[in-house]
Every structure is written in C-alpha cells, then in structure tokens.
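Colleague: Please take me through this model before I plan anything around it. I would like to hear about the sheets and the ligand site.

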Amino acid sequence: MSKFVAPPPGSGLDFESSPAYQRVIQNFEAAAAVLNLDPNTAARLRRPERIVIVSVPTRMDDGSVKVFTGYRVQHNDSLGPYKGGIRYHPEVDVGEVCALAMQMTWKCAVMGLPLGGAKGGVRVAPLRLSYGEAQNLTRRYTAEISNIIGPEVDIPAPDMGTNERTMAWIMDTYSARVGKFCPEVVTGKPVDVGGSVLRAEATGHGLVYTTTYAAEEIGLKLEGASVVLHGFGNVGTHAALAFSRRGARVIAVADVSGGYVNEKGIDVRKFVDYASKNRTLEGVDGADKVEGDSVLTIPCDVLAPAATGHVITVENAAKIRCKVLAEGANGPTMPDADPILERNGVTIIPDIVCNAGGVTVSYFEWVQGGMNFFWREDEIDSRLQQLLRGGYERSREFARRHKTPIRTAALAVGIERVDRTMRLRGLYA
Ligand code: NAD
C-alpha cells in the first residue's frame with residue numbers, strides 16, 4: 001500500500017510546515033470542528049489535489065537567461081473547474097501558494113460559485129522586470145503549466161504583481177499552443193480581448209460593498225468615515241476611489257515604497273494617477289511619509305489591508321484602532337491576532353468574503369466568454385452586489401446560529417458546501 005511521505009524540511013516542497021499553510025490549516029480546523037466534519041473528508045481537504053513546480057527560464061534584456069521558480073497548485077475541484085490568481089512576488093513559495101489555493105476553494109464555495117480553488121505564482125520581484133522581461137517570463141510560465149490549465153479545467157486570474165496585461169499574454173500563449181482563440185482560459189483580461197467590464201474594479205468595489213454591510217450593522221456612516229489602506233495596487237486604488245465617491249476620507253495609504261498620511265484626507269485621484277504613472281507612490285506630494293506598516297495602527301473607522309498577507313499579528317493587533325477591518329488582502333490576519341481584535345470590538349470582514357468581488361466578476365467574465373455575449377456594466381454591478389450580499393449574509397447567519405467568529409463562520413459555510421458535493425460525488429478509487 002502506498003503511503004504519503006512528507007517531503008523533508010528544506011527541500012522546498014514541505015508546504016505543510018510553511019507558516020502561510022499552517023495559518024490556513026489552523027482556521028480550517030476551527031471551522032471543521034464547528035461542523036463536526038467527517039474525518040475522511042477533512043483528510044482530503046487538508047491537502048491540495050495537485051502541486052506543480054516549474055522552472056521558468058527567462059531571457060533578460062542584457063541577453064542573459066535567469067531561471068525563476070513557478071507554481072500552480074490545485075486544491076479542490078468538487079464544485080467546478082479550479083479558479084485562482086497568479087502572483088508575482090519575491091517571497092512566493094510552495095507553502096504560500098498551497099495556502100492561497102485552499103482559500104480559493106472556500107471563497108468560491110461561500111460565494112455560491114460553480115468553481116474550485118487554485119493558485120499560481122512565480123518567485124520574482126515584478127517591479128525589477130522590464131516590459132519585455134515580464135512578457136518573456138509570463139509566456140514561458142504559461143507554456144510550462146499549459147497542460148494543467150484550460151477553460152474547463154483551471155482558469156487563472158490576476159493577483160499581486162500581475163494585471164490585465166499579464167492575462168492577455170497568458171491568453172495569447174495558451175491560444176497559440178492549442179491552435180485556437182481561447183479567451184476563457186483566463187479572467188481579468190483587457191475588455192478588448194474578451195475581458196469583462198468592471199473586472200479590474202471588482203475586488204476594490206466588493207471590499208467597499210461588504211464594508212457598507214458591516215457598517216450598517218454597527219451604525220457607522222461611510223460618509224465622513226476615515227479610511228486607511230495598506231496596499232495601493234489594483235485592490236487598494238479601486239477601493240480608495242470607491243470610498244471617496246461615498247464621501248469617506250482616505251487619511252493614509254501605504255505601498256511597497258512606504259506610508260503616506262494626511263489627516264485631512266489625501267487627494268485620492270491624484271495619488272492613483274501618480275501610482276499608475278510611477279509604479280509606486282515614492283515622491284508623491286500631499287502627505288507625510290511614514291514607515292509603511294505603521295499605517296496599520298493609525299486610529300480610523302475602516303482599515304483595509306490590501307497588500308501582502310500576515311500583516312496583523314499578535315505583536316500589533318492590540319494597537320489596531322479601527323471599527324471595521326475590511327480584509328482586501330488574502331490572509332492579512334494571523335489566527336492568534338483574531339481574538340485580540342475581537343476583544344477590542346473590531347468588526348472583521350474576513351478575506352474570503354471581503355475580497356470575493358474579484359473572483360465573482362471573474363466568474364461573470366468566464367460565463368460571458370463562453371457565451372460570447374457580454375453584459376452591461378449595471379447588470380454586472382447588480383449581480384456582483386447580489387452575490388456578495390448573499391455570501392456576507394450566509395456567513396453572518398452561521399456566526400449567529402453557532403456563536404462563532406465570522407471568519408470561522410465564512411469558512412464553515414464554504415467547507416460545508418464542498419463537503420456536501422464531495423459526498424454526492426463519492427470517492428473514485
Ligand atoms: P497589486 O500588485 O496590484 O498591488 C499590491 C500593492 O501592495 C502595491 O501597491 C504594492 O506596492 C503594495 N505592497 C507590496 N508589498 C507591500 C508591503 N510590504 N507593504 C505595503 N504595501 C505593499 O496587487 P492586488 O491585485 O491589489 O492584490 C493585493 C492583495 O489583494 C493581495 O493579497 C491579493 O491576493 C488580494 N486579492 C487581489 C484580488 C484581485 O482581483 N487583484 C482579488 C482577491 C484578493
């Protein structure tokens with residue numbers, strides 16, 4: 001009988017010992033305990049179904065070849081084809097990608113989408129790549145994973161360090177390999193090549209919609225509310241613009257270059273334009289520069305982490321002074337920090353609900369691509385709100401009924417749906 005042998009520490013394959021993976025497992029165990037989840041199902045769900053690690057040889061502008069490491073992890077496809085973003089970041093590793101893939105399974109499930117969970121990544125500093133190098137790397141990475149992705153199999157999307165341009169290159173490379181135009185292989189593409197309107201804005205807008213649901217519950221008005229954003233890329237900029245359209249005051253933002261504070265409110269449009277032109281906020285006028293992570297502890301009504309994971313820890317949790325924590329980033333809060341935030345009365349919108357706007361409009365894009373029939377912006381926006389409201393309410397209702405924190409509740413709603421499907425499908429042996 002074959003037996004799973006854990007890969008040795010240091011082999012680069014020991015995803016189970018990675019802090020990122022242990023964080024999602026700790027949250028999974030809490031939700032599984034509330035559900036009294038069948039141990040056989042739990043054993044299957046604790047590990048991804050497939051991990052692919054590839055070398056990505058990339059021609060650099062100086063003529064040299066650098067070999068980067070790329071990953072695609074498929075956690076579970078009980079509900080439908082695998083779905084999940086591709087991250088370019090210097091700290092990407094197998095454990096992080098496995099953790100993010102598992103989170104995607106629960107996110108699609110809690111939102112009621114017919115999709116499973118996956119994630120990809122390349123260990124690379126994207127800001128150091130030229131346009132040509134980024135394209136070379138993306139095309140080779142796509143070629144390396146092209147036998148495990150596909151419109152009915154696994155559909156990538158943008159995540160940190162990647163954007164709609166990256167998705168267009170993936171689509172083009174995949175289409176060339178299969179010999180036909182195949183836009184449904186990725187979502188988050190530019191609208192001109194089969195993308196969906198509102199996909200670029202969807203995660204940021206979803207963050208603001210879910211914040212309004214939480215704000216309603218605690219009697220907080222967004223008009224005049226103070227907002228801090230940690231991360232000013234796709235999610236952070238679209239959230240900042242949407243918050244300011246609702247009359248909120250964005251008093252601090254941070255990106256990889258540092259933090260920028262203006263208690264009177266920053267000029268969001270100007271900051272967004274500056275960041276898109278210069279790639280970071282380094283040198284922007286109209287705010288005092290501080291250390292990036294210090295913005296997390298600025299007193300405010302809404303704090304939205306929208307960059308890397310694990311930024312709210314047991315060390316800084318007691319200093320977090322927000323009313324609503326809107327988790328735009330994936331996994332921004334360490335499990336040990338959660339009880340401290342709860343004790344301090346912080347209303348948490350867990351990542352798998354708060355940032356689910358992105359995968360929801362990705363789902364719409366995939367559906368529209370399959371039909372070759374594209375919806376109007378108002379149709380997409382109202383469907384997005386309907387699904388987000390559903391995911392949020394199901395989580396709140398579970399939390400009330402079982403007296404659990406909302407993070408555990410959101411995961412439990414997702415896990416329960418996957419468990420039901422797995423039971424119906426049975427085990428192919
Ligand atoms: P992005 O690459 O567009 O932007 C990331 C931002 O974070 C940039 O402003 C970058 O400068 C900043 N950043 C990086 N390291 C930082 C640090 N140490 N301190 C402060 N800021 C830092 O990425 P994105 O697509 O906006 O994704 C942000 C987060 O949202 C990620 O956790 C991602 O997984 C999550 N997310 C994204 C989407 C999506 O649709 N793009 C969907 C769901 C979740």
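This is a predicted model: local features need pLDDT of at least 70, side-chain atom pairs count only at pLDDT 80 or more; totals for chains, interfaces and linings use all residues.

Modeller: Residues are numbered from 1 along each chain as its sequence is written, and side-chain values use heavy atoms, with hydrogens and water left out.

Colleague: Which strands stand at the edges of the open sheet of five strands?

Modeller: The order in this sheet is 1-2-4-3-5, with mixed pairing. Helices (H or I, at least four residues) and strands (E, at least two) are DSSP runs numbered from the N terminus, and two strands pair if DSSP finds at least two bridges between them. Each edge strand has a single partner, so one side of it is left without a neighbour in the sheet; these are strand 1 (50-59) and strand 5 (154-158).

Colleague: What is the bridge partner of Arg-59 in strand 2?

Modeller: Strand 1 and strand 2 run antiparallel and are joined by ten bridges. They form a hairpin with five residues between them, and Gly-63 in the turn has a positive phi of about 95°. The bridge partner of Arg-59 in strand 2 is Val-65.

Colleague: Which residue of strand 4 is the bridge partner of His-89?

Modeller: Strand 4 (residues 116-123) is joined to strand 2 by six bridges, and these two run antiparallel; Gln-74 has Ala-118 as its bridge partner there. Six bridges also join strand 4 to strand 3 (residues 82-89), but that pair runs parallel. For His-89, the bridge partner in strand 4 is Arg-123.

Colleague: At about what angle does helix 4 run to strand 1?

Modeller: Axes are lines fitted to C-alpha atoms, for helices over the stretch in contact (heavy atoms within 4.5 Å), and angles run from 0 to 180 degrees between N-to-C directions. Helix 3 (residues 94-110) lies across strands 1, 2, 3 and 4, at about 150° to strand 4. Helix 4 (residues 131-145) lies across strands 1, 2, 3 and 4 too, and its angle to strand 1 is about 145°.

Colleague: How far is an oxygen atom of the ligand from an N or O atom in the side chain of Arg-87?

Modeller: Of the 22 residues around the ligand (a heavy atom within 4 Å), those that come nearest are Arg-87, Asp-159, Gly-161, Thr-203 and Ala-307. A backbone N or O atom of Val-256 lies 2.9 Å from a ligand oxygen, and a polar backbone atom of Gly-233 is 3.2 Å from one. For the side chain of Arg-87, the distance is 2.8 Å.

Colleague: How much of the ligand's accessible area does the protein cover?

Modeller: Accessible areas come from the Shrake-Rupley method with a 1.4 Å probe. On its own, the ligand has 830 Å² of accessible area, and the share that the protein covers is 85%.

Colleague: Which elements give two or more residues to the shell around the ligand?

Modeller: The shell residues divide into seven nonpolar, ten polar and five charged. The elements that give two or more of them are helix 6 (199-218) and helix 7 (234-245).

Conventions
A polar contact is a pair of N or O atoms within 3.5 Å; within protein, one must be able to donate a hydrogen and the other to accept it, and residues adjacent in sequence count only if both atoms are side-chain atoms. Ala, Val, Leu, Ile, Met, Phe, Trp, Tyr, Cys and Pro count as nonpolar, Asp, Glu, Lys and Arg as charged, and the others, Gly among them, as polar.
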